[in-house]
Every structure is written in structure tokens, then in C-alpha cells.
Amino acid sequence: MAAPLVELRGIAKTYGRGETAVHALKDTDLQVYPGQVVGLLGPSGSGKTTLLNLIGCIVEPTRGRLNLDGETVYDGRWLRSDLRRLRLEKIGFIFQFHNLLPFLTAEENVAVALDLAGVPGAEARRRARALLDYLEVGHRGATLPSRLSGGEAQRVAIARALANRPRIILADEPTAALDSGRAGMVMDLLRRLAIEQQAAILVVTHDETIFGRFDGTVTLRDGRVVSSG
Ligand SMILES: Nc1ncnc2c1ncn2[C@@H]1O[C@H](COP(=O)(O)OP(=O)(O)OP(=O)(O)O)[C@@H](O)[C@H]1O
């Protein structure tokens, strides 16, 4: 089997200190391999978003080791000073409320992500168009987010997350704003991406209609992994 794209060893996260400290994650081990779509499940407050943001290098662990795509990025401290670049290179984020910039068209929203990564303007636009076509929303490229349906906006947000061809894709409630048909389409799409791009995809969700669509699930409770399979 290939090496894991995401690997956590003994990762813990405590917010605050002293009497008000919250132990959001306790001694967590996790491995996700290329081609896998893994669901992160668990009740509210169990640590799912913390875990996702920690893998995305947005939240700093309190201890443990984090490897991304074969590179140790945290081992008791960040080992990279350029976390922003690391995120641009390796990670795509998909959020529940897709966070599209309201004053840019669908195509510009995708192109801007490429721009940030240093892809020059015309090439960024070309790749943005190709991605929107791939996600079957190419015909909506010139449309502002406020005029897109929920499913279309989510696919534009996915296109943006994929713009830099990340191998690690982190999705926080990607289907929460969608009906079950659209939610199924988003999951089909994530599966296709995992296989075609050999990406590792982690999906935080409460949406029971998609629980059966993961290669594996990790269930958290009170900051601990209580089951994985
Ligand atoms: N920035 C923060 N500062 C202090 N405590 C925090 C912070 N972020 C999260 N927490 C706490 O950490 C614990 C885990 O929160 P987290 O958001 O990771 O859970 P979750 O499983 O994603 O919850 P939900 O399903 O409601 O989004 C909770 O007790 C939460 O209140």
C-alpha cells in the first residue's frame, strides 16, 4: 500500500490553560491514504473541526506529530515557517458556506486561488474554466455567487479548492446546505477526485444520508477517536 498522505501520531489540542482549558483532542492517531474518502463523525463539540483545522495547519497542535504528504510539518512545534505556502501547495479546503467572494464571478473565484499560488492571469483563467467544466458548472462561469443555486455554488467552491491540485482535501460539512440529490452528487464528485487524483479526502459531517458513502469513518467523542473503520 502507498504511504499515507495524512498521518497523525499522538496529536493533542488544548485550547486555553488552567481552569478554563478545553481538551479538544486527546492523543489522536490517524492515517489517510491516497484515494480514500474518510468521514469524520461525532457529536457537536467532539473535536471534528479542530482535527480538520489542525490537519489544515490552521490550528496549532499542543503536542504530537503531523505528517502531510511524506513531510513532517509538526513535531512538538511547526517545522515549516511558511505555513501559508504549505497550505497553498498541499491542501484544498471546502467549507459549508462555500465562502465564495460575492463581488467576483464563479470563474474569477476559482482563478483568484490560482493567482495566489503564482499562476499568471491568462493561465489562471484557462485552468479555472477547465475546472468549472470538469465540475459541470462551466456554463455558470460568468455568474456572481448570489445568482448560483446552492449546488452550483458548492461545485464552484470545490473547483476553487482543487485549483492548485492539492493532494489533501479537507471538507467541513460540504453537503449541509444541499438536498439529498445534490449531496449525493458532491459525494460522487469527491470520490472521483480521490480516485483520479489519488487525493486523500476528509469530510466532517452530520449528514446521515452520506454516512454510507465513505471508504472509512472516524468517530470522535470528547476529543478521542472512539471508532474507526
Ligand atoms: N478557538 C477555540 N477556543 C476555545 N475552545 C474552542 C475553540 N475551538 C473549539 N473549542 C472547543 O473545543 C471543543 C471541540 O470543538 P470542535 O469545534 O472541534 O468540535 P466539533 O466536533 O467540530 O463540533 P461541531 O460539530 O459543533 O462543529 C469544544 O468544546 C469547543 O467549544
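Which residues in α5 meet which residues in α6? The report returns to this contact under the packing of helices.

## Basis of the model

The structure is a predicted model, in which local features need pLDDT of at least 70 and side-chain atom pairs count only at pLDDT 80 or more, while totals for chains, interfaces and linings use all residues. Residue numbers start from 1 along each chain as its sequence is written.

Helices (H or I, at least four residues) and strands (E, at least two) are DSSP runs, numbered from the N terminus.

## Ligand shell

Tyr15, Gly16, Val22, Ala24, Gly42, Ser44, Gly45, Ser46, Gly47, Lys48, Thr49 and Thr50 surround the ligand. A residue is taken as near a molecule or strand if its C-beta atom, placed from the backbone, lies within 6 Å of it.

At least two residues of this shell come from each of β2 (22-32) and α1 (48-55). The largest share, 3 residues, is supplied by α1. Divided by class, the shell holds 3 nonpolar, 8 polar and 1 charged residues. In this scheme Ala, Val, Leu, Ile, Met, Phe, Trp, Tyr, Cys and Pro count as nonpolar, Asp, Glu, Lys and Arg as charged, and the others, Gly among them, as polar.

Strands β1 (residues 6-15) and β4 (residues 63-68) run antiparallel and are joined by 5 bridges. Opposite Glu7 stands Asn67 in β4.

## The sheet of 6 strands

A further open sheet, of 6 strands, has mixed pairing and the order β6-β7-β8-β3-β9-β10. At its edges are β6 (91-94) and β10 (224-228), each of which pairs on one side only.

Within this sheet, β3 (residues 37-41) and β8 (residues 200-204) pair in the parallel sense over 4 bridges. Val37 has Ile201 in β8 as its bridge partner. Helix α1 lies across β3, β7 (168-172), β8 and β9 (216-221), and runs at about 150° to β8.

## Packing of helices

Two packed helices are described by the angle between their axes and the distance between the axes. Axes are lines fitted to C-alpha atoms, for helices over the stretch in contact, and angles run from 0 to 180 degrees between N-to-C directions.

The axes of α5 (residues 150-162) and α6 (residues 180-196) come within 10 Å and cross at roughly 15°. That makes α5 roughly parallel to α6, a term for angles under 35 degrees. Their crossing is right-handed, meaning that the near helix is turned clockwise from the far one by less than a right angle. In answer to the opening question, Gly150, Gly151, Gln154, Ile158 and Leu162 in α5 meet Arg182, Met185, Val186, Leu189 and Leu193 in α6. Contact requires C-beta atoms, placed from the backbone, within 7 Å. The residues of the contact of α5 with α6 comprise 6 nonpolar, 3 polar and 1 charged.

Helix α3 (residues 106-116) packs with α5 at an angle of about 20°, and their axes are 8 Å apart. The two helices α3 and α5 are therefore roughly parallel to each other, and their crossing is right-handed. Ala106, Asn109, Val110 and Ala113 of α3 make the contact with Val156, Ala159 and Arg160 of α5. By class, the residues of the contact of α3 with α5 are 5 nonpolar, 1 polar and 1 charged.

Methods: Angles under 35 degrees count as roughly parallel, over 145 as roughly antiparallel, 65 to 115 as roughly perpendicular and the rest as oblique. Two residues are in contact if their C-beta atoms, placed from the backbone, lie within 7 Å. Two strands pair if DSSP finds at least two bridges between them.
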